[in-house]
Amino acid sequence: MFTENKKQFLNDFGRKLKFTLPEGTVIDKGQDGEDLLGIYDKTYTDATLGYLATKNSKPRLTCIEEDVASVVKGSTVEIEGVSTKYKVFDTSDDGTGFAIIELSK
């Protein structure tokens, strides 16, 4: 388990988030009633097969697990400072009290 103050970590590195669940419920506050925050990361992967090469992005968010417990596949998310509106592709907990949310366009 992550022993440091998780919220302080997100205050330093996170962006404000606004999730809309498939049934229309909006989540933009954490369990503490403050803005919902997450760390946005857009890693790139390379794949090569013979002469064929591709580059794919894998956008994801790292959030406090209990803040995003109701977020499910198919939810949409708006990320502060990011023009793309993403859909949630998958969610998983990382074993430290944070959740990893994989995104797709």
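Visitor: What makes the contact between the side chains of lysine 85 and glutamate 78 a salt bridge?

Guide: The distance does. A salt bridge needs a side-chain nitrogen of Lys or Arg within 4 Å of a carboxyl oxygen of Asp or Glu. Between lysine 85 and glutamate 78, N to O is 3.8 Å, so the pair meets the definition. One caution: this is a predicted model, where local features need pLDDT of at least 70, side-chain atom pairs count only at pLDDT 80 or more, and totals for chains, interfaces and linings use all residues. Residues are numbered from 1 along each chain as its sequence is written, and side-chain values use heavy atoms, with hydrogens and water left out.

Visitor: Why is lysine 85 called partly exposed?

Guide: Buried means under 20% relative accessible area, exposed means over 50%, and partly exposed lies in between (1.4 Å probe, protein chains only). Lysine 85 has 49%, so it is partly exposed. Glutamate 78, at 35%, also counts as partly exposed.

Visitor: How many salt bridges does the structure hold?

Guide: Five. One of them joins aspartate 35 to lysine 16, with the closest N and O atoms 3.4 Å apart. That pair links distant parts of the chain, 19 residues apart. Aspartate 35 sits in the loop between strand 2 (26–27) and strand 3 (37–49), and lysine 16 in strand 1. Strands here are DSSP runs (E, at least two residues), numbered from the N terminus.

Visitor: What makes Lys16, Lys29 and Asp35 a network?

Guide: Salt bridges link them. Aspartate 35 bonds with lysine 16, and the side chain of lysine 29 meets aspartate 35 at 3.1 Å, N to O. As for cover, aspartate 35 is partly exposed at 28%, lysine 16 at 42% and lysine 29 at 41%.

Visitor: How do you know that strand 6 and strand 7 pair?

Guide: Two strands pair if DSSP finds at least two bridges between them. Strand 6 and strand 7 have six, in the antiparallel sense, so they pair. Lysine 87, for example, has serine 104 in strand 7 as its bridge partner. The two strands form a hairpin with four residues between them, and glycine 95 in the turn has a positive phi of about 85 degrees.

Visitor: Which sense do strand 5 and strand 6 pair in, and over how many bridges?

Guide: Antiparallel, over two bridges. The cut-off is at least two, so the pair qualifies. Threonine 76 stands opposite lysine 87 in strand 6. Threonine 20 also stands opposite threonine 76 in strand 5. Strand 1 and strand 5 run antiparallel, joined by four bridges.

Visitor: What makes a set of residues a nonpolar core?

Guide: The members must be buried Ala, Val, Leu, Ile, Met, Phe, Trp, Tyr or Cys, joined through side-chain atoms within 4.5 Å. The largest such core has 18 residues, of which Phe19, Leu61 and Ile79 touch the most other members. Strand 7 gives the most to this core, with three residues. A second, separate core has five residues, including Leu10 and Phe98.

Visitor: Why is strand 7 described as mostly covered?

Guide: Five of its seven residues are buried. In soluble globular proteins, nonpolar side chains tend to be buried together.
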